[in-house]
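Welcome! Take a moment to look over the model below, and then we will walk through it together.

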Amino acid sequence: MEHRSGGDGTDSQAYRLLLSCPSGLSPSQLSVRFDPIYDRIPHPDYSLESSISEIWDRRVLQNPSLYNGLKFRYGGHTFGDGANPGQKNDTCLHLGLTDYRTFVGTNLNPLWERFLAPTEDDATKCQHTSNPLGNGAIVETSDKEIVVLQRSTNVGEFPGHFVFPGGHPEPEEVGITSHDNAKELTHQLVNRKVSQEMFDSIIREVVEEVGVPANTLDTPVFIGISQRVLNVRPTAFFYIKCSLQSKKIQQHYRGAQDGFESTQIYTMPMIEVAAAARKMPGCHEGGFALYKLMLDAVGEK
């Protein structure tokens with residue numbers, strides 16, 4: 001496990017790389033094991049556990065439009081597809097279920113550090129936190145620039161910050177509303193559908209946030225998972241080539257479907273992205289670190 005910290009050393013900009021795949025993984029190389037054993041374990045401290053509902057209820061009073069959507073919970077990973085656990089060119093993500101309410105009440109709780117278990121093993125350390133798996137994309141234009149968004153001042157986390165396009169894979173997109181509902185399908189089919197959602201969801205996010213047509217984007221390549229030290233928030237990162245030039249992408253952004261989350265788009269050469277990344281939330285700066293590791297691996301071949 002690789003540890004790094006970025007920016008000025010503050011928690012908001014510090015990150016860890018939980019998983020690095022510098023050679024990049026295609027959909028056939030990234031599998032998923034979706035199972036309730038990767039769900040969150042309630043904290044034994046009753047008062048701490050009760051604070052989840054209290055915080056959510058207060059947030060809903062302040063903002064009645066809050067929606068408690070289902071999310072996939074990151075519970076770790078193994079190398080190999082189960083049949084060949086030693087094969088490092090294949091990776092299996094361990095995913096359970098969580099929701100936005102529990103994320104607000106654990107990871108975003110002012111007492112979030114009290115939810116962490118005293119161990120270096122990340123899956124065990126975070127067993128009491130929601131840990132929804134976010135996603136992010138390093139989108140490279142045909143003229144070799146990288147797409148960066150500036151977040152709106154209306155969003156709940158990191159208003160006004162530079163970020164890469166992204167969001168979350170969604171259980172309901174593949175028909176999962178609960179573990180009981182998932183049992184209606186075979187384990188193999190559920191795992192395959194969830195694995196495909198990892199790649200489909202990041203395309204959806206880029207199309208919605210950037211405004212480019214899906215047919216201008218290559219198949220995403222999975223490059224790893226970064227974790228923001230603050231709130232131990234995990235994000236899966238992908239590298240995506242876009243067939244459009246920077247100026248054309250700027251034009252498409254004006255018609256982007258999801259105009260709430262960002263107010264400005266930039267396309268930057270590598271040196272400018274490196275400077276912008278130092279001011280990004282930790283999980284996104286970690287995403288840029290994963291991209292650099294990918295470029296280093298390509299350069300060594």
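Helices (H or I, at least four residues) and strands (E, at least two) are DSSP runs, numbered from the N terminus. Counted that way, the protein chain holds eight helices and 12 strands. This is a predicted model, where local features need pLDDT of at least 70, side-chain atom pairs count only at pLDDT 80 or more, and totals for chains, interfaces and linings use all residues. Residues are numbered from 1 along each chain as its sequence is written, and side-chain values use heavy atoms, with hydrogens and water left out.

How far can you trust it? The pLDDT, the predictor's confidence in each residue from 0 to 100, averages 89 over the protein chain, and 87% of the residues score at least 70. Confidence is highest in strand β6 (residues 134-140), at a mean of 98, and lowest in strand β1 (residues 2-5), at 46. Over residues 1-10 the pLDDT is below 50, although this stretch has 23 contacts (heavy atoms within 4.5 Å) in the model beyond near neighbours in sequence. Where pLDDT is low, the predicted coordinates should not be read in detail.

Of the 301 residues of the protein chain, 52% count as buried, meaning under 20% relative accessible area with a 1.4 Å probe, protein chains only (exposed is over 50%, partly exposed in between).

Now let us visit one residue. His43 sits in the loop between β3 (30-34) and α1 (46-62). His43 counts as buried because its relative accessible area is 16%. Its side chain reaches the backbone nitrogen of Asp45 at 3.0 Å and the backbone oxygen of Arg114 at 3.3 Å. Leaving aside neighbours within four places in sequence, His43 is in contact with Leu48, Glu49, Arg114, Phe115 and His128.

Conventions:
Polar contact = N/O pair within 3.5 Å; in protein donor to acceptor, adjacent residues only side chain to side chain.
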